[in-house]
Amino acid sequence: MEFSSKLLEEAVNEMSQLPGIGRRTALRLVLHLLKQPESQTVALSKALVDLKTEVKFCRNCHNISDSELCEICANKNRQQEVVCVVEDIRDVMAIENTSQYRGLYHVLGGKINPMEGVGPSQLTIKSLVEKAQKGEIEEIIFALSSTLEGDTTNFYIFKQLEGFDVKTSTIARGISVGDELEYADEVTLGRSITNRIPFENSLKN
């Protein structure tokens, strides 16, 4: 792809590094931005810089937040003793959209995947186990996607929790095997949370 401008080429190269964005799509987006008022492009640039420099991670659940404690953890009307374990913020948003869950979350930041070099130490599993050890949690709900990596992560955490006085459950398999949680429709996901089953039962399937 030949460019008449080095500045254009550089912008396309940067844009094409985003997931799912090829060079042709990157070029279309960059040309679109070039046609917009300068104020709009500046506002976009500022939003991205602020996102990178100002965003925080909740000290309790590791969710993305604007403050030390996210709005969900700070809400005293939530069930503080029930924690739903998810992979990332997209899953928090998906479950919140169902309006079927009123507990807290724990964001792992990924799933155990040795093929990609992701082990337990790269995730926030340790802090979850520490919460259970302190007796702060009555129930942990595993809500990772029903993939091999998700099931492996669930089982690893389950073994780490052995001996603690905490109930473990998993969302019902209304979610198809191999599906990512964020793509499930709200009704199906809501029912999966409401009809969760003891995690031990899922091991027998």
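**Exercise 1. Locate E71 and classify its accessibility.**

Step 1. E71 belongs to helix α4; helices are DSSP runs of H or I with at least four residues, strands are runs of E with at least two, and both are numbered from the N terminus.

Step 2. E71 counts as exposed because its relative accessibility is 74%. In this scheme buried means under 20% relative accessible area, exposed over 50%, and partly exposed in between, with a 1.4 Å probe and protein chains only.

Step 3. From C-alpha to C-alpha, E71 and C58 are 9.1 Å apart in space, and they are 13 residues apart in sequence.

The model is a predicted one, in which local features need pLDDT of at least 70 and side-chain atom pairs count only at pLDDT 80 or more, while totals for chains, interfaces and linings use all residues. Residues are numbered from 1 along each chain as its sequence is written, and side-chain values use heavy atoms, with hydrogens and water left out.

**Exercise 2. Describe the second largest pocket and its lining.**

Step 1. The volume of the second largest pocket is about 180 Å³. On a 1 Å grid over the protein atoms alone, a pocket is an open set of points where a 1.4 Å probe fits, with protein on both sides within 12 Å along at least five of seven lines; lining residues have an atom within 4 Å of a point. Grid points are joined across faces, edges and corners, and a volume is the space filled by probe spheres set on the points.

Step 2. The lining of the second largest pocket includes E71, together with N63, I64, S65, D66, S67, L69, C70, I72, I89, V92 and M93. Two or more of the lining residues come from each of β2 (64-65), α4 (71-74) and α5 (89-96). The largest contribution is that of α5, with three residues.

Step 3. Sorted by class, this lining of the second largest pocket holds seven nonpolar, three polar and two charged residues. Ala, Val, Leu, Ile, Met, Phe, Trp, Tyr, Cys and Pro count as nonpolar, Asp, Glu, Lys and Arg as charged, and the others, Gly among them, as polar.

**Exercise 3. Describe the largest pocket in the same terms.**

Step 1. The largest pocket has a volume of about 580 Å³. Its lining consists of 19 residues, of which A11, M15, V30, L33 and T41 are the closest to the centre.

Step 2. The helices α1 (6-15), α2 (23-35) and α3 (38-54) are the elements that each give two or more residues to the lining of the largest pocket.

Step 3. The lining of the largest pocket has twelve nonpolar, five polar and two charged residues.

**Exercise 4. Which residues make the nonpolar surface patch of about 280 Å²?**

Step 1. The patch is made by L44, L48 and L51. Patches consist of residues with over 30% relative accessible area and no salt bridge, nonpolar side chains (Val, Leu, Ile, Met, Phe, Trp, Tyr) being joined within 5 Å and like charges within 9 Å. Areas come from the Shrake-Rupley method with a 1.4 Å probe; for residues, only the protein chains shown count as cover.

Step 2. L44 is placed in helix α3, and this residue counts as partly exposed because its relative accessibility is 38%.

**Exercise 5. How many salt bridges are there, and how are the partners of D50 and K46 arranged?**

Step 1. The count is six salt bridges, a salt bridge being a side-chain nitrogen of Lys or Arg within 4 Å of a carboxyl oxygen of Asp or Glu.

Step 2. One of them joins the side chains of D50 and K46 at 2.7 Å, N to O. The two residues are four apart in helix α3, so about one helical turn separates D50 and K46. D50 is partly exposed at 29%, whereas K46 is exposed at 52%.

Step 3. Another salt bridge links D88 with R90, whose closest N and O atoms are 2.6 Å apart. D88 is buried, with a relative accessible area of 16%, and R90 is partly exposed at 42%.

**Exercise 6. Which residues other than glycine have a positive phi, and where do they lie?**

Step 1. H62 has a positive phi of about 70 degrees and is placed in the loop between β1 (56-57) and β2.

Step 2. S99 has a positive phi near 60 degrees and lies in the loop between α5 and β4 (103-107).

Step 3. H62 is partly exposed at 23%, while S99 counts as exposed at 59%.
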